Amino acid sequence: MKRIHILSNRLPFNVERTDDHFKLTPSVGGLATGMKSIYKKYNGHWIGWPGIAQDELFGNDREKIDNAFAQEKCVPVHLSKTELEKYYEGFSNNTIWPLFHYFNEFVEYEQETWDAYVEVNQKFADAAIKVLGKGDRIWIHDYQLMMVPRMIKEKRPDVTIGFFLHIPFPSFEVFRILPWRYELLQGMLGSDLLGFHTYDYERHFFSSVRRLMGIEINFNRIHTEDRIIMADAFPMGIDYEKFMNLSIETKHKLVQEKSELQLELERYFLISPNRKLILSIDRLDYTKGIPNRLRAFSIFLEKYPEYQGNVSLIMLAVPSRDNVEQYKKLKEQVDGLVGYINGKFGRVNYTPIWYFYRSLPFENLIELYNASDVALITPVRDGMNLVAKEYVASRVNKTGVVILSEMAGVSKEMGEAIIINPNNFNEIAESIHTALEMPIEEQRERMDTMQKRIKRYNVFKWATEFVKSLEKIQDIQHQFNTKKVNPSIQKSIINDYNKAEKRAIFLDYDGTLSSFKPNPQDAFPDKEVLNIVKHLSEDQKNEVTIISGRDRETLEKWFKGYDINLIVEHGVWTRKRGDEWKMLQQINADWKENIRPALENFVDLTPGAFIEEKNYSLVWHYRKAEPEQGILRANELKDELTNLIANHNLEIMEGNKVIEVKSGGINKGAAALRFMGEADFDFILAIGDDWTDEYMFRELPSKAITIKVGMVNTSARYKVESVSAVRKFLAKLFSA
Ligand code: GDG
């Protein structure tokens, strides 16, 4: 079985210094639970920061820590206080965190923290590379380590890399604000599989990849020069059974086993059996919408005075990043609001808000989940939010209502919750009322559905699904690699080439010999292309043909003086070496006047799009248009054109960022066959990159060596990954 390693900012243990050694206690967090099941099963290592700065280690402490962790198959990455300050608190928490949660005003742009982020990411990558065996897999976690996938891939292309982002991926308009946006995307694209909590985050990521890098995406696959990368939504789950079983145990504890908190809660319900409790649990973070929640609670008490004295909000705010200015301010704001509400509505025997500003032991958490009638979860942005799932998993008798912000990833999976907009205080206040008044039967129905789903798609299933997708992408990449022109296929092609007496070589131009340029006129041949064409055409045994959808004038100008054949406009015109241009058949082009208005209309609707007119075709280009709008309009245009051409002998061809309408029966396949005529070629080579070249791949004789540039489905026999790979391959032919 191939190994799987885990890489995350923190190792899944807390380190405690005892007299002469270090004691490790396992973390109870969701990620630790899910990932432990994976790296142990797949015999891998967990690489991460041990939780103690290296400045605090003396003598042989480091060795002791490393040994303690080695017992658990963990590899510590040691970081200094300064590194942690800049990489973790600095770039991770003061730049990426606020930006990705749409808090632009809190984002810091510091070159120094970015540099530290890159350096520390490199440390993590190097530590991982040391333990990675050939063909191993690694699953990297979260926003602190976005550069690591590329760093590992560059040194170890044999390793399959998964990356999961636990926070939202923001929309392009927000992501683009970041000066290092391009580098972060490049970093992520070192992965083979990218996971997000929701489809929305995945979509936002695709949009940034398209717009910033101009890379094409088919469904959920990103086609880069050298690899296919897959992205998908994997909503993270929890260890359902653990919460459910502990809740059942809690309910059946003997008095002497009960915690102080549980006893207090029981006393409270004994004195006031009709009182209700609303629960709120989060790290004290500005993304969690805590002030909104408090204001909404205040509005609720004001609007429904009959609930004053009868409902309390238990608010657990776990201290977090409390040395950062925004967090300090938030703490002050929350303290103020709690004081205001308790002062306004409190009575001798009634405290509206029970406020805990600390972390509680896990057993207390379960007790709170158990005792509360409503979970009030109102983040203004949240990647997923596991508290919502944990509350549901702890409800033994299936009662209880969840109020959930639509801005939390979890809302996509919990349609049975009361979904609110976290900025709409009145709506939240109303939802509290609705939740408290909800009939028990309805609560049970909703809770039952949510429990079934959360039980089914738990953290283990989540991890397994991700691993399955890692395997799937390995298969996809493998399939591509079997068609790829590898050294042994290349050797055999060169062999055939050398033996042949009469060779036909068909080369598409754009996307095959030359990379795409936003402006098609800029794609003129560079020295390397001209050199290849010159050498190939100087061999008397070769008939070299550039076969393109372009117009006559351009190609004639670009290849003036070269002893080659030209087939242009997909075969409308042909010019054999030393001969005149010939049109293959007399074609009627009157149809253009009917079609042109439709194309013009789509030019008006799509800024950046333009029309190119060829003798026997009209082309609508959208490579300069805003990418997503371009694709959308192209689909609409195809629809419209399909109706328009119904009674004409016309064809619609879709190339790379173009839609071309042309007279029927003209394509590169037919043109290449006509060109070869009766001549007896003993070596036929055709290379092309887009849909229009597929005609050629299909219609040439089966002995032809057909090669597709790119990693999509094709009828060609072989594939190469890029324009530069085509150039290298052709250069090998004439220099062999
Ligand atoms: C990030 C994303 C995403 C809370 N208080 C105590 C305590 N907790 C535990 C809860 C829960 C966890 O902390 C909080 O998880 P969340 O998912 O709600 O939020 P983040 O910490 O912001 O996590 C988030 C998550 O990553 C996973 O991908 O869902 O969107 O922001 O498990 O139980 N645990 C203990 N005492 C406490 O006082 N023991």
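A salt bridge joins E465 to K461, with 3.3 Å between their closest N and O atoms. Helix α17, which covers residues 459-483, contains both E465 and K461, and the two are four residues apart, about one turn of the helix. K461 is partly exposed, its relative accessible area being 35%. The model described here is predicted, and 52 salt bridges are found in the structure.

Further pairs were examined individually. Between E660 and K614 a salt bridge is formed in which the closest N and O atoms lie 3.4 Å apart. E660 and K614 are both buried. In a further salt bridge, the side chains of E266 and K258 meet at 2.9 Å, N to O. Here E266 is partly exposed, with a relative accessible area of 35%, whereas K258 counts as buried because its relative accessibility, 16%, falls under 20%. Salt bridges also link R210, R211, E626 and E628 in a network.

At the level of the whole protein, the assignment gives domain 1 (4-233), domain 2 (240-456), domain 3 (483-585 + 666-735) and domain 4 (592-663). The centres of domain 1 and domain 3, taken over C-alpha atoms, are separated by 44 Å. Contact between these two domains involves seven residues of domain 1 and four residues of domain 3. The size of an interface is often expressed as the accessible area lost when the parts come together. For domain 1 and domain 3 the buried area is about 450 Å², with 57% of it on carbon and sulfur atoms.

Helix α11 was considered next. With 14 residues (290-303) and 1.5 Å a residue, helix α11 should span 20 Å, and the distance of 20 Å between its end C-alpha atoms agrees with this. Of the 14 residues of α11, 10 are buried, so the helix is largely enclosed by the rest of the structure. Among the buried residues are I290, P291, F297 and L301. The elements against which the buried residues of α11 pack include β12 (276-283), β13 (311-318), α12 (325-345) and α15 (425-437).

H78 is placed in the loop between β5 (74-76) and α3 (81-100) and is buried, with a relative accessible area of 5%. The side chains of H78 and D66 are joined by a polar contact of 2.8 Å. Beyond its neighbours within four places in sequence, H78 is in contact with several residues, including P50, R62, D66 and K123.

Q144, in the loop between β6 (137-141) and α5 (148-155), is also buried, at 7% relative accessible area. Although 57 residues separate Q144 and Y87 in sequence, their C-alpha atoms are 7.9 Å apart. Y87 is one of the residues that Q144 touches when residues up to four places away are not counted.

T512 occupies the loop between β18 (503-507) and α19 (527-538). T512 is buried, with a relative accessible area of 0%, and a polar contact of 2.7 Å connects its side chain with that of D508. Apart from neighbours within four places in sequence, the contacts of T512 are I687, G688, D689, V709, V723 and V726.

Definitions and conventions: Residues are numbered from 1 along each chain as its sequence is written. This is a predicted model: local features need pLDDT of at least 70, side-chain atom pairs count only at pLDDT 80 or more; totals for chains, interfaces and linings use all residues. Side-chain values use heavy atoms; hydrogens and water are left out. The expected span of a helix is 1.5 Å times one less than its number of residues. Buried means under 20% relative accessible area, exposed over 50%, partly exposed in between (1.4 Å probe, protein chains only). Contact means heavy atoms within 4.5 Å. Domain bounds come from an automatic or database domain assignment. Buried area is the accessible area (1.4 Å probe) that two parts lose on being put together, summed over both. A polar contact is a pair of N or O atoms within 3.5 Å; within protein, one must be able to donate a hydrogen and the other to accept it, and residues adjacent in sequence count only if both atoms are side-chain atoms. A salt bridge is a side-chain nitrogen of Lys or Arg within 4 Å of a carboxyl oxygen of Asp or Glu.
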